[in-house]
Amino acid sequence: MTEAEAPKTREEILQTNLDARKQEVMHYQINIDNYTLALANIAAMAADERSELLGFADQLTGLLASERMEQRKARVMLEVLRQQLGD
């Protein structure tokens, strides 16, 4: 977006922020889905394979918890923007 196209009004700025927040929530969901599937795949592996990936599974578990928390925060702010826009 060029400077001439930059949002000027409060509503335009809020709408731009709303669109960005929706994207943020979606990106968190993609990561949540990826980590959840990866953990399920690891859990389905044979015991010897699974044991080799225990550290990775622990990392994924931490990342999954973090992504869920960050998504909750983003959803709170998304709702605030919706309220300000009267959606």
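**View A. Glutamine 71 is buried, with a relative accessible area of 5%.** Buried here means under 20% relative accessible area, exposed means over 50%, and partly exposed lies in between (1.4 Å probe, protein chains only). The model is predicted: local features need pLDDT of at least 70, side-chain atom pairs count only at pLDDT 80 or more, and totals for chains, interfaces and linings use all residues. Residues are numbered from 1 along each chain as its sequence is written, and side-chain values use heavy atoms, with hydrogens and water left out. Glutamine 71 belongs to helix α3. Helices are DSSP runs of H or I with at least four residues, strands are E runs of at least two, and both are numbered from the N terminus. Beyond residues up to four places away in sequence, glutamine 71 touches Val25, Tyr28, Gln29 and Ile32. Contact means heavy atoms within 4.5 Å. Methionine 26 sits 45 residues from glutamine 71 in sequence, yet their C-alpha atoms are 8.6 Å apart in space.

**View B. Glutamate 67 is a buried residue without a salt bridge.** Helix α3, residues 54-85, carries glutamate 67. A salt bridge needs a side-chain nitrogen of Lys or Arg within 4 Å of a carboxyl oxygen of Asp or Glu. For glutamate 67, the nearest side chain of opposite charge is that of arginine 68, 9.8 Å away. Lys and Arg count as positive, Asp and Glu as negative; His and the chain ends are not counted. What does glutamate 67 touch, not counting residues up to four places away in sequence? The partners are Tyr28, Asn31, Ile32 and Tyr35. Two of these names return from the previous view: Tyr28 and Ile32 also touch glutamine 71.

**View C. Arginine 21 and glutamate 24 form a salt bridge.** The N to O distance is 2.9 Å. Both residues lie in helix α1, which covers residues 10-43. They are 3 residues apart, about one turn of the helix. Arginine 21 counts as partly exposed because its relative accessibility is 25%. Glutamate 24 is also partly exposed, at 26%. How many salt bridges does a search of the whole structure find? There are 2.

**View D. Glutamate 70 pairs with lysine 73 in a salt bridge.** Their closest N and O atoms are 3.0 Å apart. Both residues are in helix α3, and about one helical turn separates them because they are 3 residues apart. Glutamate 70 is partly exposed, with a relative accessible area of 27%. Lysine 73 is partly exposed as well, at 45% relative accessibility.

**View E. Isoleucine 42 is buried, at 6% relative accessibility.** Isoleucine 42 is found in helix α1. Leaving out residues up to four places away in sequence, isoleucine 42 touches Arg50, Leu53, Phe56, Ala57 and Leu60. Leucine 78 is 36 residues from isoleucine 42 along the chain, and their C-alpha atoms are separated by 34 Å.

**View F. Arginine 50 lies in helix α2, residues 47-52.** Is arginine 50 buried or partly exposed? At 30% relative accessibility, arginine 50 counts as partly exposed. Apart from neighbours within four places in sequence, arginine 50 is in contact with Ile42, Ala43 and Met45. The Ile42 contact links this view to the previous one.

View G. From the N terminus on, the order is α-α-α. The radius of gyration is 19 Å, well over the 12 Å that the globule rule gives for 87 residues, so the chain is more spread out than a compact globule. This radius is taken over C-alpha atoms, and the rule is 2.2 Å times the number of residues to the power 0.38. The C-alpha trace spans about 60 × 25 × 15 Å along its principal axes. Of the 87 residues, 18% are buried. Among contacts with a separation of 6 or more, 75% join residues 24 or more positions apart. The chain has 10 positive and 15 negative side chains, and the centres of the two sets lie 7 Å apart. Each charge is placed at NZ of Lys, CZ of Arg, CG of Asp or CD of Glu.
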